[in-house]
Amino acid sequence: MSSKITRRKFLTIAGTATASTALAACAAPTAVPAPKPAEQKPAEAKPAAPAVATGGGSLSFLTWTNFVPEMDTKLDQMTKAWGDKNKVDVKVEHININDIPARRAAAIQAKTGPDLIWDSQNWGTLFKDVLVDVSDVMNEAASANGGWYKWTEQFCKADGQWKTVPHGFSGGTFIYRTDLFKQNGVTAPKTYDEFIKVAETMKKAGKPFGQAVGHSFGDPPGFWYPFLWAHGGKEVNEDGKTVAINSPDTVMAIEKAVDMYKRGFADAGLAWDDSANNRSYLAEEISATENGASIYFVAGRDAAKGDERAKRVRENSDHFAKPAGPKGAPILAGGYYTGIMNYSKNVNAAKDLLRYLMQPPTYLEWMESGQGYLQGLAPKYEDQPIFKTDPKMKPFVDNLKSGNALWLGWPGPLSAAAFRVYNNYTIVDMFAKAISGELKPADAAKWAEDQLKNVYK
Amino acid sequence: MTRRDQVPRNRIAEFFDREDVLGYTLLIPVAILLGIFVGYPFIYGVWLALTDTRIADSTSGNFVGLENFERLLFRDSIFIQALKNSFFYTAVTTVFKFVLGLLMAAVLNLKFRGNRYVRSATLLPWIIPTVLSTLAWRWMFDGSFSVFNWMLRQVGIVGPSWLGSWPWPFISIMIVNIWRGMPFFGVSFLAGMQTISQELYEAAMIDGSTAWQRFWYITLPLLRPVIIVVLLLSTILTFADFQIVYALTGGGPANQTHLLATYSYQIGLRGLEIGVGAAISLFLFPVLAVIVFLTLLSLRRDD
């Protein structure tokens with residue numbers, strides 16, 4: 001064999017290496033690997049963490065980009081003030097909430113990353129093994145806030161320990177244009193049958209209802225889970241294991257959804273995320289959509305800056321509660337929760353920051369910066385001034401008091417499988433496949449059943 | 001034998017004077033880096049694909065053999081859709097990128113005023129971060145504020161719901177991929193064209209050839225090695241495309257635009273079933289490996 005490397009030989013070797021590298025890099029999982037089971041220890045606050053009393057250290061807080069930017073500004077100000085006072089360098093990172101699961105998964109595997117993470121739903125119970133027990137924080141906060149809504153416990157507690165702290169709840173109501181409804185002789189609907197008739201009228205008038213059916217964390221599941229439940233459908237039985245989605249009730253709900261979309265909704269909703277319906281409503285293209293109070297808030301803010309359209313939208317908008325179906329008027333329980341990761345080097349400081357944020361003066365100040373966009377998860381905050389001074393905000397508080405909040409995986413327990421189904425958008429996609437015409441309603445229910453069986457096993 | 005020959009340093013020098021030894025020695029650092037950053041993740045990915053590992057689930061991580069692949073192939077219609085999408089997406093966009101890239105290279109190879117500026121400008125889609133440009137496209141495809149639909153409205157046409165109604169979402173992601181990938185083809189082909197001797201063209205012209213004949217019988221055959229390499233890289237990268245779909249449609253509506261990479265992300269990171277996510281990622285590896293092997297074989301034969 002010749003020891004001389006020719007240009008051709010070199011290029012062949014280098015070319016093979018380059019192509020192989022590109023191939024392997026592309027074929028390697030885009031996702032980060034999970035920790036080995038043996039590495040997952042029950043979370044305990046690491047004693048090495050310096051107490052805040054001694055000051056120093058740093059904290060990073062990964063949270064969402066709030067639909068009401070003023071709440072982010074206020075949170076940043078409050079955490080900075082706390083950091084300055086306690087000599088802790090606090091960095092708050094706001095990202096799209098749909099991107100938080102990936103960041104969290106990477107952080108868990110790498111055992112480094114944000115000390116505190118904010119997310120929705122029961123993520124704390126699902127990640128209980130990698131979260132610090134914050135029962136001490138919660139007990140103090142519960143005492144100061146007069147106790148939380150009972151249902152928050154199943155979102156935050158695992159193995160008898162609080163794993164996350166509840167920050168707030170939003171959604172479950174519809175914003176609608178009172179002037180356009182009046183012009184067309186319709187009123188806020190109380191049932192889904194009325195809802196469809198009103199939507200049809202408004203669509204004929206060129207101002208349809210709009211509803212997201214895309215892949216996004218809030219409005220799509222917030223609308224379609226309750227729609228399913230209100231018509232008797234459910235993804236799983238009480239045992240939390242037996243998939244029950246493929247039922248006559250589910251098929252009926254899907255048929256109704258297809259009819260509803262065709263008769264009364266804007267077609268673009270199939271591609272909408274949680275912000276697209278806000279933009280469409282604010283642009284006066286649609287006359288109603290499921291929403292927290294973010295549209296109402298933004299319209300008010302822009303109206304104050306002299307925007308005429310925003311002023312018209314704000315003055316002529318109101319909210320109505322979730323309509324009722326044959327099986328009631330459920331809403332999707334949920335809310336936003338923050339936990340401390342067990343790899344944090346500054347657990348005591350993280351706990352102290354949460355204590356500060358959850359104390360009534362701070363908590364109320366933050367809530368009020370959103371003017372009702374988030375509702376506090378303690379009955380005490382039903383008396384928040386905004387809910388008394390603005391009757392248009394009343395449906396949000398009524399929601400919390402109604403007791404109609406059902407959870408992911410209902411009527412089974414709030415489980416890891418239910419959370420995975422939610423994150424895979426299976427229920428939303430079941431409706432989307434039928435609405436888009438890709439599958440017939442019965443086939444969409446069968447499709448969902450197949451998908452759910454892969455998760456509930 | 002001189003004293004100098006007896007010095008061990010010279011034996012080392014002689015050893016490294018052999019080109020094969022020196023060549024492989026110089027490759028060692030790169031091989032180590034590749035082993036750490038590509039080899040290890042790849043092997044770990046293979047292992048994960050054979051387990052039921054779920055993120056933050058201490059009861060998972062058990063070896064399940066090919067069960068994940070069996071589930072994907074026989075019990076997961078979204079995966080089948082993503083698989084079909086990946087092939088269709090790669091095939092269609094590659095054809096368009098190839099044809100348009102060739103056209104672009106042919107034009108840029110001409111001598112005209114401002115030639116250099118135009119060449120630089122055509123690279124912009126390739127240079128701009130994908131997510132950034134895709135967000136701009138998303139705005140242009142927006143259901144309420146699409147600039148395309150606004151233009152269509154000016155001439156009395158109601159535009160489609162670009163990201164909402166089938167098949168427009170899939171067409172939309174392909175448009176963005178072609179727009180972004182075409183400059184890579186164009187510039188690579190241009191570089192290849194510039195190495196072709198002008199004498200060949202002059203001789204052909206003297207023989208009375210047409211422009212098409214010169215392109216078909218001179219340009220295209222001599223570009224063949226470049227074309228093969230560009231097609232190979234583009235095929236691999238397009239199969240593994242993630243950013244455009246993620247930023248534009250998130251795989252929706254109703255999973256209609258998922259590619260294997262985005263579906264892997266959804267199942268592995270959002271759905272936390274990282275073992276299944278790894279299986280999705282690795283699914284095409286054997287197919288692509290064969291493509292790479294055959295392409296490189298073809299290149300060697302050319303040599």
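Which domains does the domain assignment of chain A give? The assignment gives domain 1 (40-169 + 334-389) and domain 2 (173-332 + 406-455), where the bounds come from an automatic or database domain assignment. The structure is a predicted model, in which local features need pLDDT of at least 70 and side-chain atom pairs count only at pLDDT 80 or more, while totals for chains, interfaces and linings use all residues. Residues are numbered from 1 along each chain as its sequence is written, and chains are lettered from A and ligands numbered from 1 in the order in which they are written.

The model scores ipTM 0.73 and pTM 0.80. For chain B the mean pLDDT (the predictor's confidence in each residue, from 0 to 100) is 89, and 96% of the residues of chain B reach 70 or more. Among the elements of chain B, the lowest mean pLDDT, 52, belongs to helix α1 (residues 3-6), and the highest, 95, to helix α10 (residues 168-194); helices (H or I, at least four residues) and strands (E, at least two) are here DSSP runs, numbered from the N terminus. Where pLDDT is low, the predicted coordinates should not be read in detail.

In chain A, the centres of domain 1 and domain 2, taken over C-alpha atoms, are separated by 29 Å. The contact between these domains takes 17 residues from domain 1 of chain A and 14 residues from domain 2 of chain A, two residues being in contact if their C-beta atoms, placed from the backbone, lie within 7 Å. On the side of domain 1 of chain A that touches domain 2 of chain A, helices α4 (123-126) and α6 (152-156) each supply at least two residues. The residues of that side of domain 1 of chain A divide into 7 nonpolar, 10 polar and no charged, with Ala, Val, Leu, Ile, Met, Phe, Trp, Tyr, Cys and Pro counted as nonpolar, Asp, Glu, Lys and Arg as charged, and the others, Gly among them, as polar.

Chain A holds an open sheet of 5 strands in the order β2-β1-β3-β12-β6, with mixed pairing; two strands pair if DSSP finds at least two bridges between them. The edge strands of this sheet are β2 (89-95) and β6 (165-168) of chain A, each of which pairs on one side only, and the twist averages 25° from one strand to the next. Strand β1 (residues 58-64) of chain A pairs with β2(A) in the parallel sense over 7 bridges, and A:S58 stands opposite A:D89 in β2(A). Helix α2 (residues 69-86) of chain A lies across β1 and β2 of chain A and runs at about 165° to β2(A), where axes are lines fitted to C-alpha atoms, for helices over the stretch in contact, and angles run from 0 to 180 degrees between N-to-C directions.

An open sheet of 4 strands in chain A has the order β8-β9-β7-β10, again with mixed pairing, and the edge strands are β8 (209-210) and β10 (317-321) of chain A, each pairing on one side only. Strand β7 (residues 173-177) of chain A and β10(A) pair in the antiparallel sense over 5 bridges, with A:Y176 opposite A:D318 in β10(A). Across β7 and β10 of chain A lies helix α17 (residues 394-402) of chain A, which runs at about 15° to β10(A).

Within helix α14 (residues 347-358) of chain A is found A:A350. This residue, A:A350, is buried because 30 other C-beta atoms lie within 10 Å; a residue is buried if 20 or more other C-beta atoms lie within 10 Å of its own, exposed if 12 or fewer, and partly exposed in between, with C-beta atoms placed from the backbone. Although A:A350 and A:L116 are 234 residues apart in sequence, their C-alpha atoms are 7.0 Å apart in space. Leaving aside neighbours within four places in sequence, the contacts of A:A350 are A:L59, A:D115, A:L116, A:I340 and A:S344.

Chain B is divided into domain 1 (1-49) and domain 2 (52-302), whose C-alpha centres lie 36 Å apart. Here 4 residues of domain 1 of chain B are in contact with 8 residues of domain 2 of chain B. B:A49 lies in helix α3 (residues 19-49) of chain B and counts as buried, with 25 C-beta neighbours inside 10 Å. Beyond neighbours within four places in sequence, B:A49 is in contact with B:N68, B:G275, B:A278, B:A279 and B:L282. Helix α15 (residues 274-282) of chain B is mostly covered, as 9 of its 9 residues are buried, including B:G275, B:A278, B:A279 and B:L282.
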